[in-house]
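Subject: The structure I promised you

Hi,

My notes on it follow below.

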Amino acid sequence: MSIRRLTRPEDVAAGVARPGYIPARHGVGIVHLGVGAFHKAHQAVYTDAAIAAKGGDWRIVGINLRSTDSADTLNLQNGLYSLVVRGEEGVSARLIGSLARVIAAVRNPAAALDALCDPAIRIVGLTVTEKAYGLDPSAGAIDPAHSAVAADLQTPRTPAGVLGLIVESLRRRRGKGVDPFTVLCCDNLPQNGPLVRSGVLDFARRAAPEVSDWIAENVAFPATMVDRITPAPTERTLDEARRLTGVEDSAAVVTEPFSQWVIEDTFLTGRPAWETGGALFVADVAPYEQMKLRMLNGAHSMLAYVGFLSGHALVRDVMADRALAHLVARHISAAAATLAPLEGIDFAQYGAELGTRFRNPFIAHETYQIAMDGTQKLPQRLLQPAEAALRMGQDPRPFAFALAAWMRYCCGTTDKGDSFALRDPREAEIRSALDGACQGDDISDRLHALPNLFVPALSRNPHWRSEVSSALDAMLRLGVSAAARAEVGV
């Protein structure tokens, strides 16, 4: 017997939580760039809760810049999808109704710009991954060599990249007398709001100088910190959603029970009541962001490189390996030691909660997925806390071991000798730099010499370089798994 495709809230089985409102009765107020699994498990869920609690025209129009899958699946389902939550207490499904539709910009770039110029839109959210912006965080400016940035600088009136779309839509809004929107970055960039603001202004000065001052004076760029472990959906996700909801849902996502969103409350044109879904509005996001980037994301990257190279496909498998679990705990503790005290936060308790979340046997989060885009993630996750540890007189070894694992990953083979793609925007550059390198010191020297990655406080520090080289030598000589066991004496 065929199963009905999800198209209406009433299609799902009794007992499945449905939106606490009628979606069609609420207009749109948000455009979100990057409708992937994370957005669907995080910002869209908070927005769903906010509309249910306080109403308002805050539904979301999604824009995906490259992929077409989300548009094809979600639009067939009128934006509806099921959120599958898996934890120690069991598994449940909830229907989310905050997405109105999704635009595949690669097929219809004009529709993307039209959506961004809609006067009803008051917020433009972003979860496009660090590499999509084309920013140079160290300079607080754009990277003109980034493919999307370079293309949009050539044709700024028909942009296809993140910064180009934001600037051109703001230029058009100003020309039509339409209020600007708030730009809400939800990616793991350091000080993401101010950084994206600097990139937008730099791009505007080059591509639309007549509106750069207007953007600086009238557009808000709140900083945020987001946290929810959300693996890429699989066939098992869709099978589980079908079993729980009784309908065919090609857009289902799976996630953990934990969710956190910390937001700087600087919205100039209104916002949903996200606090009703648990969001925390604060004056300064930076301390929360540092905690998450260094403790959660830093440990995630370390375990991803070590775990993947050791043959562990999933985070939960890494945590079941006694030696690697010790390494994760060590890294979390070392990261916490680089942080200033944060009122109301117990770093030891937060770290223990991270261990529990990583061990969640019901979440199949792939180490290879976490390992991608390393050059975009290293500075905020590993290098900044490493620099802080050295400056504070602390042992940098945990961070040096993590970086050595990344360098070993850059060699492109597992302990078993299987080759793999690095899936990094600088992959070709890395492979060229390492051509012919086989010794730890040589590999470390070449990767430390990559431009715009390491700050001199690390690349020129002999203690740091010695720690990295010794960890990398052990990985090359013993294999990553054995080096990990030797590292923690297990």
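Where is F454 found? Look in the loop between helix 18 (440-448) and helix 19 (456-459). Keep in mind that this is a predicted model. Although F454 is a loop residue, its relative accessible area is 11%, and because the cut-off for buried is under 20%, F454 counts as buried. Leaving out residues up to four places away in sequence, F454 touches L383, L403, W406, M407, L447, H448 and S459.

Next, the helices.

Helix 20 covers residues 462-478, which makes 17 residues. From first C-alpha to last, helix 20 reaches 24 Å, close to the 24 Å you'd expect at 1.5 Å a residue. Its buried residues are W464, R465, E467, V468, S469, A471, L472, A474 and M475. And what covers them? The cover includes helix 15 (374-391), helix 16, helix 18, helix 19 and helix 21.

Helix 7 (residues 192-207) passes the length check too: its 16 residues should span 22 Å at 1.5 Å a residue, and the C-alpha atoms at its ends are 22 Å apart, which agrees. How many of its 16 residues are buried? Twelve, so helix 7 is mostly covered. Among the buried ones are N192, G193, L195, V196, F203 and A207.

Now for how helices meet. Two packed helices are described by the angle between their axes and the distance between those axes. Take helix 6 (residues 162-175) and helix 8 (residues 209-218): their axes come within 10 Å and cross at roughly 85°. That makes helix 6 roughly perpendicular to helix 8. On the helix 6 side, L170, R171 and R174 do the meeting, and on the helix 8 side it's E210, V211, W214 and I215.

Helix 10 and helix 21 (residues 480-488) are another pair to look at, with axes that come within 8 Å and cross at roughly 130°. Helix 10 and helix 21 are therefore oblique to each other. Their contact is made by V306, L309 and S310 from helix 10, together with V480, S481 and A484 from helix 21.

Then there are the aromatic rings. How many aromatic pairs does a search of the whole structure find? Ten. One of them is Y305 with Y409, a tilted pair with 5.1 Å from centre to centre and 55° between the planes. This pair links distant parts of the chain: Y305 is in helix 10 (residues 286-310) and Y409 is in helix 16 (residues 397-410), 104 residues apart. Y305 is buried, at a relative accessible area of 1%, and Y409 is buried as well, at 2%.

Y409 also pairs with F308: the ring centres are 6.0 Å apart and the planes are at 65°, so this pair is edge-to-face. F308 lies in helix 10 and Y409 in helix 16, so the pair ties together parts that are 101 residues apart in sequence. Both F308 and Y409 are buried.

Elsewhere, ring pairs link Y46, W261, F267, W274 and F281 into a cluster. The charged end of R423 is over the ring of Y368, 3.8 Å from its centre, and K40 lies over the face of Y81, 5.3 Å from the ring centre.

One last topic: backbone angles. Most residues other than glycine have a negative phi. T129 isn't a glycine, yet its phi is positive, near 75°. You'll find T129 in the loop between strand 6 (123-126) and strand 7 (135-136), where it is partly exposed with a relative accessible area of 33%. Q191 isn't a glycine either, and has a positive phi of about 45°. Q191 is in the loop between strand 9 (182-185) and helix 7. Is Q191 buried or partly exposed? It is partly exposed, with a relative accessible area of 48%.

Happy browsing!

How values were computed: Residues are numbered from 1 along each chain as its sequence is written. This is a predicted model: local features need pLDDT of at least 70, side-chain atom pairs count only at pLDDT 80 or more; totals for chains, interfaces and linings use all residues. Side-chain values use heavy atoms; hydrogens and water are left out. Helices (H or I, at least four residues) and strands (E, at least two) are DSSP runs, numbered from the N terminus. The expected span of a helix is 1.5 Å times one less than its number of residues. Buried means under 20% relative accessible area, exposed over 50%, partly exposed in between (1.4 Å probe, protein chains only). Rings of Phe, Tyr and Trp (its six-membered ring) pair if their centres lie within 6.5 Å; planes under 30 degrees apart count as stacked, over 60 as edge-to-face and the rest as tilted. A charge sits over a ring if NZ of Lys or CZ of Arg is within 6 Å of the ring centre and within 35 degrees of the ring normal. Axes are lines fitted to C-alpha atoms, for helices over the stretch in contact, and angles run from 0 to 180 degrees between N-to-C directions. Angles under 35 degrees count as roughly parallel, over 145 as roughly antiparallel, 65 to 115 as roughly perpendicular and the rest as oblique. Contact means heavy atoms within 4.5 Å.
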